[in-house]
Amino acid sequence: MLHLKDTEPLAKGNNRLVFQHPDHHELLIKVVSEAFMTRRFGPHAKWYKKRRRARQYLSYLREVEEYLVQRAHNETSAQYFQIIHGFAETDHGLGIVTTAVRGPDGALAPPLAKLIASGCFNKNLQSDLETILTHILESHLIISDLNLGNLVHNGEHFVLIDGVGNNNPIPFKVISPWLNRRSKLGRFERLRKRIDRYKRDHQIQD
């Protein structure tokens, strides 16, 4: 049992908390937040979500499936996506263990939003972004979310650290590679619009 409740999380998302692994500097542990548990499975939650077999760990199931799909196809783009090492029992419940993506200074790699806000999103990083989008498009991965927070830059290239897996009851994107590709292209377009809007909001000039 790993004790994390007395430790400040490195990051907080809508559904999960991210902690440094207490025994391994190169690893992170993602756990389901109590707020998400209350929202999804509390007295006011939708009945059909309560009946899902994997319940709060459904996101883990999706991530692991995409990781295995990628490995099954021996995709050369693996360096652009998070590496899953397994699971760990914690005082927050079951956690999923992943590689910590770090920058050259040893700190956690900054997300795209931070790079834009700090004025660091130059032409080189824009080219790096297009590179990872190409790898995403060519991969077998199914993308459920692509935003300014789940793309981080390790000093050499971007890495997608979240937002993979099929989240539709009927797995159209699993059945049809064409639909999966079309979905990805739509997400790329929305991401570019988010970047432009974020720049305007922060008065960032190209």
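This is a predicted model: local features need pLDDT of at least 70, side-chain atom pairs count only at pLDDT 80 or more; totals for chains, interfaces and linings use all residues.
**Entry 1: helices α5 and α7**

I began with the packing of helix α5, residues 123-138, against helix α7, residues 177-201. I read an angle of about 160° between them, and their axes are 10 Å apart. Angles over 145 degrees count as roughly antiparallel, so I noted α5 as roughly antiparallel to α7. The crossing of α5 past α7 is right-handed.

Which residues of α5 meet α7? From α5 I listed Gln-126, Leu-129, Glu-130, Leu-133, Ile-136 and Leu-137. Their counterparts in α7 are Arg-181, Lys-184, Leu-185, Phe-188, Leu-191, Arg-192, Ile-195 and Lys-199. I sorted the residues of this contact into eight nonpolar, one polar and five charged.

**Entry 2: Asn-180**

I stayed in helix α7 and looked up Asn-180. Is Asn-180 buried or exposed? Its relative accessible area is 7%, and buried means under 20%, so I put Asn-180 down as buried. I then checked where the side chain goes. The side chain of Asn-180 reaches the backbone oxygen of Leu-141, at a distance of 3.1 Å.

**Entry 3: Val-174**

Ile-142 came up again when I turned to Val-174. I found Val-174 in helix α6, residues 172-175. Apart from residues up to four places away in sequence, Val-174 touches Ile-142 and Asn-166. I also took the spacing to His-140, which lies 34 residues away along the chain: the two C-alpha atoms are separated by 9.1 Å.

**Entry 4: Tyr-198**

Back in helix α7, I looked up Tyr-198. What does Tyr-198 contact beyond its neighbours within four places in sequence? I listed Ala-113, Ile-116, Ala-117 and Leu-148. For Ala-113 I also noted the C-alpha separation from Tyr-198, which is 7.9 Å across 85 residues of chain.

**Entry 5: Tyr-67**

Next I went to helix α3, where Tyr-67 lies. With 17% relative accessibility, and with the limit for buried at under 20%, Tyr-67 counts as buried. Leaving out residues up to four places away in sequence, I found Tyr-67 touching Gln-82, Ile-83 and Ile-84. Tyr-67 and Gln-82 are 15 residues apart in sequence, and their C-alpha atoms are 8.4 Å apart in space.

**Entry 6: His-21**

I then looked up a loop residue. His-21 sits between β2 (16-20) and β3 (27-32). The relative accessible area of His-21 is 10%, so I recorded this residue as buried. Where does the side chain of His-21 reach? I traced the side chain to the backbone nitrogen of His-24, at 3.3 Å. Residues up to four places away in sequence aside, the contacts of His-21 are Leu-2, Leu-27, Leu-28, Ile-29 and Val-97.

**Entry 7: Arg-55**

Another loop residue followed. I placed Arg-55 between α2 (47-50) and α3 (58-72). I checked the backbone and found the phi of Arg-55 near 45°, a positive value in a residue other than glycine. I noted this because most residues other than glycine have a negative phi.

**Entry 8: Lys-5**

Last, I looked up Lys-5, in the segment before β1 (11-12). Its relative accessible area is 46%, which means that Lys-5 is partly exposed. Which residues does Lys-5 touch, not counting those up to four places away in sequence? I wrote down Glu-34, Asp-91 and His-92. I also took the spacing between Lys-5 and Arg-55, residues 50 places apart in sequence. From C-alpha to C-alpha, Lys-5 and Arg-55 are 22 Å apart.

Key:
Residues are numbered from 1 along each chain as its sequence is written. Side-chain values use heavy atoms; hydrogens and water are left out. Helices (H or I, at least four residues) and strands (E, at least two) are DSSP runs, numbered from the N terminus. Buried means under 20% relative accessible area, exposed over 50%, partly exposed in between (1.4 Å probe, protein chains only). A polar contact is a pair of N or O atoms within 3.5 Å; within protein, one must be able to donate a hydrogen and the other to accept it, and residues adjacent in sequence count only if both atoms are side-chain atoms. Contact means heavy atoms within 4.5 Å. Axes are lines fitted to C-alpha atoms, for helices over the stretch in contact, and angles run from 0 to 180 degrees between N-to-C directions. Angles under 35 degrees count as roughly parallel, over 145 as roughly antiparallel, 65 to 115 as roughly perpendicular and the rest as oblique. A crossing is left-handed if the near helix is turned anticlockwise from the far one by less than a right angle, and right-handed if clockwise. Ala, Val, Leu, Ile, Met, Phe, Trp, Tyr, Cys and Pro count as nonpolar, Asp, Glu, Lys and Arg as charged, and the others, Gly among them, as polar.
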